[in-house]
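Okay, thanks for making time, everyone.

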Amino acid sequence: MLKKLCQQYLNFSVVKNNLIITNSCVKCAPLTEPIPFSKDFLFRQMFDPTSCTYTYLLADINDKTAILIDPVIEWAERDKTIIEELGLTLKYAINTHMHADHITGTGRLKCLLPGCQSMISRSSGAKADILLNPDDQICFGRHNLQVLPTPGHTEGCVTYVCYEQGIAFTGDALLIRGCGRTDFQGGSSEILYKSIHTKIFTLPQNFKLYPAHDYCGRTVTTVAEEKILNPRLSKSLNEFVNIMNNLNLSYPKMIDKALPANKVCGLYEVHEEQKP
């Protein structure tokens, strides 16, 4: 009888508000109930194996209006084909920040799909058809993304949030079990830590997070997972800064080519193709 009671005590747990209480020990639960997409919301995640960049296609299924997040120039034709095959109209090609590891595909897409406009945050210092400010809304059909400023990897990083669908596109600010480097383009470890903790980690725990890159084959995470399992962001600010200061990363091999092109957000390629 005593053995049975002891076993019951050891196995006792109470789950409430994503907290697990076991033997008087309290810890957050990394597993959360997923939010299903609405029936009129299209989501596609595409990949560039060279830079390990994710490009996201979102659309209103009924309205047929689409947007692309973080397109890569070498894959612009692929993106065009998918958009046309699905009978969509590309309204915006959007960047989460001014990338240093690849050239954006926005300029090429503007040539391939006339009527498409480029977007990037005003604080990035890059050029685009539309410069975004904090809390701006990007509308496509009945759906929209809200612009949250999340600087730190670069000065102009933003996160795009679709509250109805329970998703956020974090760019290079927050990666799966990691984060973007902070040693160039006006980066700051302190600012990145604050951005993630105040803008991303304050979203609902079950919101899915989609990064601009992953180098280990992972595709998605959640707010709850990263708050608990991210080996950098689950630490204190001082610990985080110390980690970031000792990464000893090599100089980005594409930066000298990518930044000049991305400073004009793909408009450079458009101008070049229009020359006689």
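**A hairpin and some rings**

Let's start at a turn: in the hairpin of β10 and β11, 2 residues lie between the strands, and Gly141 there has a positive phi near 65°. Keep in mind that this is a predicted model. The two strands run antiparallel, with 4 bridges joining β10 to β11, residues 143-149.

Now, the faces of β10. In a regular strand, side chains alternate between the two faces of the sheet. In β10, Ile138 and Phe140 make up the covered face, while Gln137 and Cys139 are on the uncovered one.

Let me stay with Ile138 for a moment, which belongs to β10, residues 137-140. Is Ile138 buried or exposed? Its relative accessibility is 0%, so Ile138 counts as buried. And what does Ile138 touch, leaving out residues up to four places away in sequence? The contacts are Tyr92, Ile94, Met119, Leu132, His143, Asn144, Leu145, Val147 and Tyr160. There's also Ile67, which is 71 residues from Ile138 along the chain, with 9.2 Å between the C-alpha atoms.

Okay, on to the rings. You describe a pair of aromatic rings by the distance of the centres and the angle of the planes. This structure has 12 aromatic pairs. Take Phe37 and Phe43: that pair is tilted, at 5.5 Å centre to centre and 40° between the planes. Phe37 has a relative accessible area of 30%, so we call Phe37 partly exposed. Phe43 comes out at 17%, and the cut-off for buried is under 20%, so Phe43 is buried.

Phe43 also pairs with Tyr56: the ring centres are 6.0 Å apart and the planes sit at 35°, so that pair is tilted. It links distant parts of the chain, with Phe43 in strand β4 (residues 41-48) and Tyr56 in strand β5 (residues 53-60), 13 residues apart. Tyr56 itself is buried, with a relative accessible area of 1%.

How values were computed
Residues are numbered from 1 along each chain as its sequence is written. This is a predicted model: local features need pLDDT of at least 70, side-chain atom pairs count only at pLDDT 80 or more; totals for chains, interfaces and linings use all residues. Side-chain values use heavy atoms; hydrogens and water are left out. Buried means under 20% relative accessible area, exposed over 50%, partly exposed in between (1.4 Å probe, protein chains only). Contact means heavy atoms within 4.5 Å. Rings of Phe, Tyr and Trp (its six-membered ring) pair if their centres lie within 6.5 Å; planes under 30 degrees apart count as stacked, over 60 as edge-to-face and the rest as tilted. Two strands pair if DSSP finds at least two bridges between them.
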